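Here is a short report on charge pairing and nonpolar surface in one protein model. Please look at the sequence and the fold first.

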Amino acid sequence: MNFPEVFLLALALSVDAFIVSFSYGLIIKKGKGKAALKLSAATGLGQFVMPVLGWYGARSVYQHIEALDHWIAFFVFLVLGIKVISEAFKEGDCQPKLSKILNAKILFFIGLATSIDAFVSGSMLYFMKEPVWSASALIGIVTFINASLGFNFCRIFKNFPVKYLEISSGLILIALGVKVLYEHLYLS
């Protein structure tokens, strides 16, 4: 496994979990430790499962798109990066009102919502010839840690603009796409 590359991907993918956990850390007053653990587990599990599903999905169609895999990886990372950056610049309060109760249904949807990009990234892991289980485990662990940090850092960084985290995440995704394209076109 190309650890630095997958680690950067994991950091970029975990920004949503960090932000959601940060938001919940601001509104939950009782049972903070239990809530932080639930959120971290839900987002970490989502970020582990979704790349696996994306990887196996890409594997099933790879023979039909093999000649274009590097271009697909580049454009998917580019679009994801631009999407993340553009959402960072949206004005107004576009965040839904958060429920203070973290039941199984809410945790499932949080885990799912924060890991949609991980599904797409899982297919890119296949095109990049990365082993799915170790890469997904790293992504899940990094997300678990970042969600925990987000929940607990809300007290320290409540005035830090989240926009900068989102922009950094988008730039990392775009850089990974450029790297895939460069390696295929110029180093192979």
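Predicted model: local features only at pLDDT ≥ 70, side-chain atom pairs only at ≥ 80, totals over all residues.

Residues are numbered from 1 along each chain as its sequence is written, and side-chain values use heavy atoms, with hydrogens and water left out.

**Salt bridge**

Side chains of opposite charge can pair when their charged atoms come close. A search of the whole structure finds one salt bridge (a side-chain nitrogen of Lys or Arg within 4 Å of a carboxyl oxygen of Asp or Glu). K179 pairs with E5, and their closest N and O atoms are 2.3 Å apart. The pair links distant parts of the chain, with K179 in helix α8 (residues 162-186) and E5 in helix α1 (residues 3-13), 174 residues apart. Helices are DSSP runs (H or I, at least four residues), numbered from the N terminus.

Exposure classes use relative accessible area: buried under 20%, exposed over 50%, partly exposed in between (1.4 Å probe, protein chains only).

| Residue | Relative accessible area | Class |
|---|---|---|
| K179 | 28% | partly exposed |
| E5 | 6% | buried |
| L68 | 48% | partly exposed |

**Nonpolar patch**

L68, W71, F75, Y182, L185, Y186 and L187 make a nonpolar surface patch of about 770 Å². Patch residues have over 30% relative accessible area and no salt bridge, and nonpolar side chains (Val, Leu, Ile, Met, Phe, Trp, Tyr) are joined within 5 Å. The largest share, three residues, comes from α8. L68 sits in the loop between α3 (32-65) and α4.

Key: Helix = DSSP H or I, 4+ residues; strand = E, 2+ residues; numbered from the N terminus. Patch = residues over 30% accessible without salt bridge, like charges linked within 9 Å, V, L, I, M, F, W, Y side chains within 5 Å. Areas by Shrake-Rupley, 256 points an atom, 1.4 Å probe, with all protein chains shown as cover.
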